[in-house]
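Here is a briefing on ring contacts and strand pairing in one protein model. Look over the sequence and the structure first, then read the points below.

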Amino acid sequence: MSLSLFQSELRTGQDVVNTRQRGRHIAQVLGFEGQDQVRIATAISEVARLAASQANGHIEFLLEDAQSPALLVLVRAPSSTEGLVSGVPPAAPRPGPALAPAQRLMDRVSLRIEGEGWLVLELAHRLPRAAPPALVLQSLRSELERQRRSNAVDELSRQNEELLRTLEELHARKAEVERLNRELEETNRGVVALYAELEEKAEALRRASDMKTRFISNVSHELRTPISSVVNLSRLLLDRLDGPLNDEQEKQVTFIRKSGEALQELIDDLLDLAKIESGRSEVLPTRFSVGELFGSLRGMLRPLKVNEGVALVFDEPQGMPELHTDERKLSQILRNLVSNALKFTQRGEVRVSAVAGPRGMVEFVVRDTGVGIAPEDQERIFEEFVQVEGPHQQGVKGTGLGLPLSRRLAELLGGSLSVESQKGRGSTFRAQVALDYTQRQKSLTDDEPVEPEAPQDASRPRTVLLVDDDEVVRYLLKRLLADASLQFREATTGVEGVRLANQLHPSAIVLDLSLPGMDGFEVLETLRRERTTRDIPVIIHTSRSLTEQERGRLLPHVMGILSKSGLTRDAAFDLLQRALSGPERRS
């Protein structure tokens, strides 16, 4: 049902102006906002202009009283009016291009044929709220009749005012957009400059980190050989191989040995940290049980107990599966944790246990009854060279690298290291590692057993060629390996070592890898390439931390590898006897 509000003929331009005026007034009374009033008035005036172009149109305003009330405008015009109709056949007309503005401005625009040669155009726009009361509508109808012949000049003046306001708003918006664009451009330039500066700083930090890592690696490697010589020479003196020592001399040599071992430990930790930071630390997984690991740790750590009133307890693992990870790195983590616990525990116990964790992890727990760690210091202890100050530090020495290195090693093994502690109530360190580390290449460190041959005639001395550019190392080897059945020859360069090997055809060669000119790898390749030297057993004696690839390159061609760090007579002599007992076995 629809209520007619006003209707008029459309024959002249004055009719079009009056129609626009009344359309806007009707929209205002029906509750439309100012912008919608302009939209409706503009659409009506455009359609009215088309209908009046042939001086034979009609317009009617109605209130459509449906579920959603709307202002309905019916415009009657000749079907020949240009632009009103689009498409064929005429029985199903569609709004033409001339009605495109009205379609954008109104909610609904439709056409229908009425009689022969006439079109009825419907324009509808939903009311923003409920329809006004009947009294208001009746007053509106009366007022529209009184305004039927209103002056067109007033309407034109109102239109101009509306256009001016619209232009001012557009100008203000344009100025605001330009201001925002300028701010965005300045911000973008600042962001680009900041990114460039950040990239430059990041690159500088990367270079500094690389330089630090290279410096630590090079310095640590250069320090290892003389420190190993100091430790091994002091051990040689304490073993009385060159005669007895008086009590004061023994005390002095013991101090030298302990200082050397402390410095050696610091160098090893620094080198391990540098290798991890540079991504060159490799995981060499092997299969072993937790019981085997605890057994080796038990014998290694018991001599470290500082206080007799402290018990070192290893809980027997129950139902633990076999581990497949780097045993040496895991052992290093636990050694650091237990040695720290023993240092700072005056009485009670240090207990080590292991439990299977979720998602293929295993958790090692080191719990002590020591001094404990304050909450604010529990993360600081994992920073390099940081030691928590306090009375408990008196008489306890350390480098501040053990815990940071242990956390890095735990992360390298696919896990983590954390601490729970209360001041004065002890600490609990939890080291989680992957139960089965299979992402790395299988370890190449397994040697096949050497099949012994019949012993040679012991009456004839056998020659051992020592190839090393360090005089102290050669002297130390001769003292450690001293035996009546052996005679030693020395070479200080790789070229000299190859020459003496061809000339003397020694029973065994002890070869350093860091040689001037021709290094140890090249010497070994040359010896294996020549027919006269290819079968001479070779033992590698080096202070280098070998990578997995380097060990894989060496092991098929040598009897074994001795580290200059912590070298003992038993280890060196046993390997040399294996080399002298028969031909080298290669895989």
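**Strand pairing and ring contacts**

Strand 12 and strand 14 run antiparallel and are joined by 7 bridges. This is a predicted model: local features need pLDDT of at least 70, side-chain atom pairs count only at pLDDT 80 or more, and totals for chains, interfaces and linings use all residues. Residues are numbered from 1 along each chain as its sequence is written, and side-chain values use heavy atoms, with hydrogens and water left out.

**Strands around strand 14**

- Strands (E, at least two residues) and helices (H or I, at least four) are DSSP runs, numbered from the N terminus.
- Two strands pair if DSSP finds at least two bridges between them.
- Val-366 has Phe-429 in strand 14 as its bridge partner.
- Strand 13 (residues 416-421) also runs antiparallel to strand 14, with 6 bridges joining the two.
- Ser-418 stands opposite Arg-430 of strand 14.
- Strand 13 and strand 14 form a hairpin with 5 residues between them. In the turn, Gly-424 has a positive phi of about 80°.
- Strand 14 (residues 427-434) has 6 of its 8 residues buried, so the rest of the structure largely encloses it. Buried means under 20% relative accessible area, exposed over 50%, and partly exposed in between (1.4 Å probe, protein chains only).
- In a regular strand, side chains alternate between the two faces of the sheet.

**Aromatic pairs**

- The structure holds 3 aromatic pairs. Rings of Phe, Tyr and Trp (its six-membered ring) pair if their centres lie within 6.5 Å; planes under 30 degrees apart count as stacked, over 60 as edge-to-face and the rest as tilted.
- Phe-6 and Phe-61 form a tilted pair, 6.5 Å centre to centre with 35° between the planes. Phe-6 is in strand 1 (residues 2-10) and Phe-61 in strand 2 (residues 57-64), 55 residues apart. Both Phe-6 and Phe-61 are buried.
- Phe-294 and Phe-364 form an edge-to-face pair, 6.2 Å centre to centre with 70° between the planes. Phe-294 lies in helix 7 (residues 290-301) and Phe-364 in strand 12 (residues 361-368), so the pair ties together parts 70 residues apart in sequence.
- Phe-294 counts as buried because its relative accessibility is 1%. Phe-364 counts as buried at 0%.
- Ring pairs link Phe-294, Phe-314 and Phe-364 into a cluster.

**Charges over rings**

- A charge sits over a ring if NZ of Lys or CZ of Arg is within 6 Å of the ring centre and within 35 degrees of the ring normal.
- Arg-76 lies over the face of Trp-118, 3.9 Å from the ring centre.
- The charged end of Arg-569 sits over the ring of Phe-573, at 4.9 Å from its centre.
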